[in-house]
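Morning, everyone. Please bring up the model on your screens, and I'll walk you through a few parts of it.

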Amino acid sequence: MPHHLSPSSIPGRIAVIRVPSLTDAYWRLANWNWRQCSPNRVIAITGSAGKSTTTDMVYAVLKQKSKLVHTRGNLNTFTYLPTYLLQLRPGTRVLLLEMGMKSLNNIARQCRVVRPDIGVVTNVGEAHAGSLGSLGTIVKAKQELIDGMHAGGTLFLNADCTRSRQLTTRRFQGKVWTFGIARSADIKGENIRYTTRGMTFDVRIRNQSFSFTIPHWGNHNVLNALAAIGICRAMGYSMKTIQSGLAKSQPPRMRLQLIRSKNGRLLINDAWNANPSAMKAGLTVLKNIAAGTKRTAIAVLGDMMELGQYTRSAHQEIGRYTSHSSLSLLVTYGKYSREIATSAINNGMNQNRVIHFSDRARLLRFLKSAPKNSILYFKGSRKLKMEKIVNELARSSV
């Protein structure tokens, strides 16, 4: 009870429990509920990119037949774990957790509480390199999931991800499955095709092939789907049920969301956050959708934050990548993204197809003059709030 309140100021019908620490009390209550209502399975999904999408894909499948509690939004660190433990009820079969982190020991602390039975590392990339200090430390942070899993559990790893191969399973006492497209894998994606509504692809598992359709674009989302398929198979779900659930899954907010503006432009809102791997994946999606719709492709790229010592080189890397693309126009916005523009020009992109902005209002005015048949892709770190630009363009009739 706050010190400025006296018992007499509280109505008699309201019960009050005074505790020395609200956080400690909250955790004690959450742990008590966890012991009373422990689910049959705990699923944990981590990775530098694709965590939320993979979690949502799994949820879309499992909810068809199971009562479950799952991570919502971006509330995925140790701080928020009690929130999900308190949602458990008798009969809850599955606790589906997206495990994020911004420091070492965050995933480990979550695993000490819930001990996942099924775990996935979607990939190991550059996200949070600034706060963790190095890419090697990011590998250590993701390793915490493997080391924290329940003995006899099932682990899924990305065969296509170079840094994922630095993870060790020597101490893991369970089954290890790989998923991938480019490299040999236990769960392999093949015959991948773009459609106007998403992706279609085949999945080969143990010499059997199954066809899938997902309302998400990009090979990276096919990889996310492969991880989700593995999880759901480990849960005992039939391929028919998995196919049905994935076909109904929806992209998380601001992850490659396609929006039609009032004046006919197509806007791809991918502005939730940004790192080099995710930005390249999004630019590939832009290229393929633009080719399929024969629209003018414009990329609007903002700063990539939390990259620490890799900040300059990462932006230069994206500049090199865009210089070899079929973009009609590269637009950059922010402090660090000027490096993208400069690098693109230095690597051969016509300077008349590159423009940089530091001012949001000027950027918005310029984008309103884009061709009516254009498709604009937006990507930048959370701090830039580029979705506000997307929303204004969507409402504009200019």
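Helix α2, residues 51-62, gives the most to the lining of the second largest pocket: five residues. This is a predicted model, so local features need pLDDT of at least 70, side-chain atom pairs count only at pLDDT 80 or more, and totals for chains, interfaces and linings use all residues. Residues are numbered from 1 along each chain as its sequence is written, and side-chain values use heavy atoms, with hydrogens and water left out.

Some terms. Helices (H or I, at least four residues) and strands (E, at least two) are DSSP runs, numbered from the N terminus. A pocket is an open set of points on a 1 Å grid over the protein atoms alone, where a 1.4 Å probe fits, with protein on both sides within 12 Å along at least five of seven lines; lining residues have an atom within 4 Å of a point.

Back to the pocket. About 370 Å³ of space lies in it, a volume being the space filled by probe spheres set on the points, which are joined across faces, edges and corners. The lining has 21 residues, and the closest to the centre are Asp56, Gly73, Gln250, Pro252 and Arg253.

Next, helix α8, residues 239-248. Which of its residues are buried? They are Met239, Thr241, Ile242, Gly245 and Leu246. Buried means under 20% relative accessible area, exposed over 50%, partly exposed in between, with a 1.4 Å probe and protein chains only. Seen down the axis of α8, the buried residues fall within an arc of 155°, so they line one face. That arc is taken from the directions from the helix axis to the C-beta atoms. On the other side, Lys240 and Lys248 are exposed.

Neither is a glycine, yet Met254 has a positive phi of about 65° and Leu256 one of about 55°. Met254 is buried at 2% relative accessible area. Leu256 is buried too, at 7%.

Last, the strands. Two strands pair if DSSP finds at least two bridges between them. β10, residues 257-260, pairs with β11 in the antiparallel sense over four bridges. β11 and β15, residues 374-379, pair in the parallel sense, also over four bridges. Follow Ile268: its bridge partner in β15 is Tyr377, and Ile268 is in turn the partner of Leu258. In β11, residues 266-269, Leu266 and Ile268 point one way, Leu267 and Asn269 the other, and all are buried.
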